[in-house]
Amino acid sequence: MEDPNSDDWLPPGWTVEVRVRKNGKRDKYYIAPSSGLKLKSRVEVFRHLDHAQNKVSIQKISNNQCRL
């Protein structure tokens, strides 16, 4: 069974920063290697990766222009 606190699911190059608040609670930030963007959840990371993948696909399509 996978450890829910493990960060093994992150893509290579991503880092995790843990900040401890004054009240003792911990906040995890997932940092993108290319932009330094800080994301607060696994959902945000996957959304960012999906958006980045779609953007690359769109750029490939637009660079491969067809003229009739």
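Mentor: Start with Ser6, which counts as buried at 16% relative accessibility (buried means under 20% relative accessible area, exposed over 50%, partly exposed in between, with a 1.4 Å probe and protein chains only). This is a predicted model, where local features need pLDDT of at least 70, side-chain atom pairs count only at pLDDT 80 or more, and totals for chains, interfaces and linings use all residues. Residues are numbered from 1 along each chain as its sequence is written, and side-chain values use heavy atoms, leaving out hydrogens and water.

Trainee: Which side chain does the side chain of Ser6 join in a polar contact?

Mentor: That of Asp8, at 3.0 Å. A polar contact is a pair of N or O atoms within 3.5 Å; within protein, one must be able to donate a hydrogen and the other to accept it, and residues adjacent in sequence count only if both atoms are side-chain atoms.

Trainee: How is a pair of aromatic rings described?

Mentor: By the distance of the centres and the angle of the planes. Rings of Phe, Tyr and Trp (its six-membered ring) pair if their centres lie within 6.5 Å; planes under 30 degrees apart count as stacked, over 60 as edge-to-face and the rest as tilted. The structure holds two aromatic pairs. One of them, Trp9 with Phe46, is tilted, at 5.4 Å centre to centre and 45° between the planes.
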